[in-house]
Amino acid sequence: MHPASLLFAIVVASCSQWATAQSPPISDPREMSDAARKAYAKGLKDARGLIAEKNYAEAIAILDTLSAERPREPQARFMKGVALADSGKTDAAISQYLALLADFPELPEVRNNLAVLYAQKGNYAGARDELEAALLAAPDYTIAYENLGDVYARLAGVNYEKAIARDAKNKTAPPKLNLVRDVLGMRAAPPASTTATPGKPEASPPVATPTAPATTTDAPK
């Protein structure tokens with residue numbers, strides 16, 4: 001993945017998820033006038049540019065205004081998750097995405113980015129569940145397939161480490177662990193059997209940037 005792909009290139013990983021209290025009467029975004037639609041699109045474009053320039057606070061201010069005006073429109077809320085994730089506010093991004101999924105559970109882009117954030121925090125099982133749900137909603141969503149493959153590889157590595165930690169004489173798990181690390185593009189670590197504390201899994205090596213799960217910055221349509 002890369003922040004664009006889950007062996008950690010998740011095209012963008014902005015992943016916080018949730019909503020508000022009382023809001024104006026909800027209307028279908030498709031009912032916007034041409035002028036309102038153009039203004040909304042311009043706001044999204046401006047916010048995207050600010051995110052690219054790392055002006056996250058300004059971008060979020062624009063996105064909050066757009067969301068207040070159109071609380072049932074997912075695009076601004078999604079992009080706010082991206083801005084939060086890119087600015088390092090992972091937990092806030094996760095909350096943002098979760099809130100968005102509560103209203104729009106069918107959006108695969110949101111689930112992909114949420115999975116990326118989960119994977120970054122080491123919650124590979126949670127990442128797997130979100131990616132599988134994304135693919136149920138969008139069977140042709142290519143990036144989710146790649147990210148899911150990365151997550152499965154991570155889960156495999158975690159379990160190989162556990163096997164080695166529980167049996168220092170294990171001869172089959174170490175080469176499998178090294179193979180997974182090679183696939184993930186991670187620098188080889190010392191054989192787990194020589195560094196693991198009996199009864200405790202060895203800590204996973206840091207994720208290499210080139211192979212991070214990929215997020216997406218494309219707002220849901």
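A salt bridge is a side-chain nitrogen of Lys or Arg within 4 Å of a carboxyl oxygen of Asp or Glu. In this predicted model, Glu-161 and Arg-181 form such a pair, their closest N and O atoms lying 3.4 Å apart. The pair links distant parts of the chain, with Glu-161 in helix H7 (residues 142–166) and Arg-181 in helix H8 (residues 173–183), 20 residues apart.

Glu-161 has a relative accessible area of 5% and is buried. Arg-181 also counts as buried, at 3% relative accessibility.

## Other salt bridges

The structure holds nine salt bridges. Side chains of opposite charge can pair when their charged atoms come close. One of the bridges joins Arg-111 to Glu-130, with 2.7 Å between the closest N and O atoms. Because Arg-111 lies in helix H5 (residues 108–120) and Glu-130 in helix H6 (residues 124–137), this pair ties together parts that are 19 residues apart in sequence. Arg-111 counts as buried at 16% relative accessibility, and Glu-130 counts as buried at 12%.

Another bridge is formed by Arg-77 and Asp-103, whose closest N and O atoms are 3.0 Å apart. Here the linked parts of the chain are distant: Arg-77 is in helix H3 (residues 74–86) and Asp-103 in helix H4 (residues 90–103), 26 residues apart. Are the two partners buried or partly exposed? Arg-77 has 6% relative accessibility and counts as buried, because the value is under 20%. Asp-103, at 29%, counts as partly exposed. A network of salt bridges links Arg-72, Arg-77 and Asp-103.

## Overall make-up

The protein has nine helices and zero strands. Read from the N terminus on, its elements run α-α-α-α-α-α-α-α-α.

Of the 221 residues in the protein, 48% are buried. The accessible surface comes to about 11,100 Å², and carbon and sulfur atoms account for 56% of that area. Among contacts between residues at least 6 apart in sequence, 69% join residues at least 24 apart.

## Packing of H1 against H3

Two packed helices are described by the angle between their axes and the distance between the axes. For H1 and H3, the axes come within 11 Å and cross at roughly 5°. The two helices are therefore roughly parallel to each other, since angles under 35 degrees fall in that class.

Which residues of H1 meet H3? On the H1 side they are Tyr-40, Leu-44, Ala-47, Arg-48 and Ile-51, and they meet Gln-75, Ala-76, Met-79, Ala-83 and Asp-86 in H3. By class, this contact has seven nonpolar, one polar and two charged residues.

## The loop between H1 and H2

Lys-54 lies in the loop that runs between helix H1 (34–52) and helix H2 (56–69). Its phi is near 70°, a positive value in a residue other than glycine. Most residues other than glycine have a negative phi.

Is Lys-54 buried or exposed? Lys-54 counts as exposed because its relative accessibility is 58%, and the cut-off for that class is over 50%.

Methods:
Residues numbered from 1 in each chain as written. Predicted model: local features only at pLDDT ≥ 70, side-chain atom pairs only at ≥ 80, totals over all residues. Heavy atoms only, no water. Helix = DSSP H or I, 4+ residues; strand = E, 2+ residues; numbered from the N terminus. Buried < 20%, exposed > 50% of the residue type's maximum accessible area, 1.4 Å probe, protein only. Contact = heavy atoms within 4.5 Å. Areas by Shrake-Rupley, 256 points an atom, 1.4 Å probe, with all protein chains shown as cover. Axes fitted to C-alpha atoms, helices over the stretch in contact; angles between N-to-C directions. Parallel < 35°, antiparallel > 145°, perpendicular 65-115°, else oblique. Nonpolar A, V, L, I, M, F, W, Y, C, P; charged D, E, K, R; others polar.
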